[in-house]
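Reader: I have a model open and want to go through its fold. Can you take me through it?

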Amino acid sequence: MVARRNRVSLNENKTYAMRRIKVLELGWEFPPLINGGLGVACMGISKALAKKVDLSVIVPKATPDYHYEGFSLVGINNLKYRQVETLESGYMYESFSAVGHAPVNLQPYASAEGTPGQITFTREGKLLFSKVHQADLELFTAHEDLYSGDLARKVIEFSKICAVMARTYDFDLVHAHDWMTYLAGVEVKKATGKPLVVHLHASQFDRAGADARGWIYDIEKYGMEQADAVIPVSKYTGTVAAGHYGINPDKIFPVHNGADPVHVFHSKKKFPEKLVLFLGRLTAQKGPEFFLQIAAKVLEQTKNVRFVMAGTGEKLRQLIETGAFHGVGDRFHFTGFLDKKKVNELLSLTDVYCMPSVSEPFGLSALEAAQFNIPAVISKQSGVAEVMKGALKADFWDVNMMAKHIVDLVTDEKLYKKVAEQSAQDIKNSNWDTAADKMIRVYHHVLGW
Amino acid sequence: MNISLTFHAHQPNRLIAYDFFKIGEHAFYEDDMLNAQVLSQVTERCYLPANRLMRQLIELSDGKFRFALALSGVILEQAMHHRPDLLLSFRELADTGCVEFLAMPYYASLASLYSPGEFAEQVQEHIDLIETLFGVRPTVLWNTGMLYSNAIAAQALDMGMEGIMADGNRQMMNNLHPNDLQCAPLIANTKTIVRNRHLSNDLANNRVDPSWTEYPLSPYTFADWITKQEGQVVNISMDYETLGERQPDSTGVFEFWRTLIPAILFGGNRFMTPGEIVREFHSTGTIDCPQPTSCSTFGTTSQWNANVMQQEALKKIYDLEEPVKASRDRNMIHVWRKLQSADHFHYMEKSNGFTPYPSPYDAYIYYMNALADLQVRVKQEADMIRAMESKNLA
């Protein structure tokens, strides 16, 4: 025993060189199939990690013919039922029983392969899960969006399949991204005894507010409790994990996201006014109503400005009417959904970026704007505020302060230049390699190497 | 009985999907292709066959059949660009001497509600256009959507109009007879011609409604109703598009009118145009109409200005009046005026299903973007003028 400990301590400083950590990563979205914010982040993390660890990734959906530099990626949608059947023999699923609610459709339907996704209760009221069936695999081969349909069942089947697959992988720890993969992470941990690291990109607290409870909240809480380390994307999100989920702060290790360098260009505006941009889904979390109020306040003080709200969401129509009500309809423009090319075109025209999010785990878009040399006015309730030291900040609800910042930026050239220069400094350290190094330190901590 | 028949024709200038990225880039807001296409379609189905029929009826009746046309400046402009044959067809009607043309705000706008000065200018522009095209000067005003109020009647008087058309909705008419000429309070020289809403709707809507108790309506029955009317003159008016477009040829609409007009004449009735009416009859009473009324279902202006989007768009377009006019750029003023057409605001009405846009919100967004582009251009021009003036001073 003593000898073993000695060996570990002797090698402590050499582990980087001696042996690469083997990581099994569980993701949900992944480019090129899905290009949501989570997917982009997972891609950035994987690429950077793969330079320093042996990385294998499992996701629900992948294109079999796509090659990733430095790591392997398996999509459940490409598995054959027979493979799963073989893997599954002699395995008992157990971890799900700890999840309080059973949100899945409890009306199992019969098929040639038996009854898929069947859930039974033990005498103690615990949930038991049946084996994976052909119909379960088809959840991931269908053309349906990963988040639509019976999402709960997809999450559970993904977990089951990951657990049995993990037994064929050689790895040191499992790293799971957001709640959709947390159950899988816990199940893998229970099946293999390997430590679990969960990554918190966005929580139900950000999406649905402080009172959010329910199945997703339960899974997030359970996943973080079972994990050996939690990596939130910012200190701000770390306080959410500790404060709203009751997670022990000692195992929370915030790691800021990076930003992939983008092709930066500048275009000449076709109108004389300054352009202030809001970019994001039009949901309560992003604070689009506040942006409208800010715009109205700014326009009271200077006419030399136009506002653009790019993106779409359930609040779009209401916002259009509110804009009309505020009498800013000729200075406040809605673009609807824009593809990446159009977003970049817009950024190349933008003078000030505004992100008044009510709760923003990170806020990558502010970094992307900074790459375009655009000064940002951002809410204090965002992760990116920790990175962007030069950005002007205010509480999301403080529309007067936000408006003042914008007015200052569009009227004071000296200030504008200063803020733009500071943002350029701020983004220098915001890359995925830096983020990956920090994650590897967390791995070492968890493994005790 | 005397009967006056007026048809109103107008086609909107629908806008393209004018998104944010176009602001400052190009000043072509209108969907020329779509507008030309719709005009052509309605010309083939409605205007040309209807004009042909009306001319035949005039000739067959030796000029006893007479009627009036209220053609917006916008549709005449569209016809000049895309269907000159339609203009020719209207001119042939004018040449019979049995068709009177009514004055309108050129752009079928709501200027009468938002800018009296602009309203007067648009009516003047329209009168000049009608005179150029058809050689006669209108003397009776047909405001957009038959918008009418005491104030609008007073404006018609200022413009020297002998008459103004109004829709006889119930609250306005009170106990007055719809077939008699009226006057607005303190306005003696411009008579108010009230549309017989009931009988007009029978022809424009009910005729093709199987649930109507009189369905199917025989032209002889309707002619009989006219004959039995009381009062000075029964005033029937509707959209010209009723003939062949709203009521397709297959509903027998042209046959109906071909029979109806001789049947009315046979009943001993006399066709008069609005101009003839106001010259021949005195007004019998005063109607007090402080709030604007229109010929819409509810008789109000709600289809154009009830929701916040409509109100914002209207406010911002009329806010531009002063700077646009200061530019003295005729082309820019024309573009600004075309954006005043009531259709733009009607497309922003939430319950309006008759729209080229995916939703009233899109209608609003495209409109406001186009308006923003115009604002940019107006400002550029103002800056240029100022720069030139200061140079001259130096």
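Reader: How many helices and strands are in chain A?
Author: Chain A has 18 helices and 14 strands. Both are DSSP runs numbered from the N terminus: helices are H or I with at least four residues, strands are E with at least two. This is a predicted model, where local features need pLDDT of at least 70, side-chain atom pairs count only at pLDDT 80 or more, and totals for chains, interfaces and linings use all residues. Residues are numbered from 1 along each chain as its sequence is written, with chains lettered from A and ligands numbered from 1 in the order in which they are written.

Reader: What is the strand order in the open sheet of six strands?
Author: In chain A the order is S3-S2-S1-S6-S7-S8, with parallel pairing. Two strands pair if DSSP finds at least two bridges between them.

Reader: Which are the edge strands?
Author: Strand S3 (72–75) and strand S8 (229–232) of chain A, each of which pairs on one side only. From one strand to the next, the twist averages 20°.

Reader: How many bridges join S6 to S7 in chain A?
Author: Four, between residues 173–177 and residues 196–200. Val174(A) stands opposite Leu196(A) there.

Reader: And what does helix H10 of chain A touch?
Author: Helix H10 (residues 235–245) packs on the sheet and touches S7 and S8 of chain A. A contact has C-beta atoms, placed from the backbone, within 7 Å. The direction of H10(A) makes about 135° with that of S8(A); axes are lines fitted to C-alpha atoms, for helices over the stretch in contact, and angles run from 0 to 180 degrees between N-to-C directions.

Key:
Contact = placed C-beta atoms within 7 Å.
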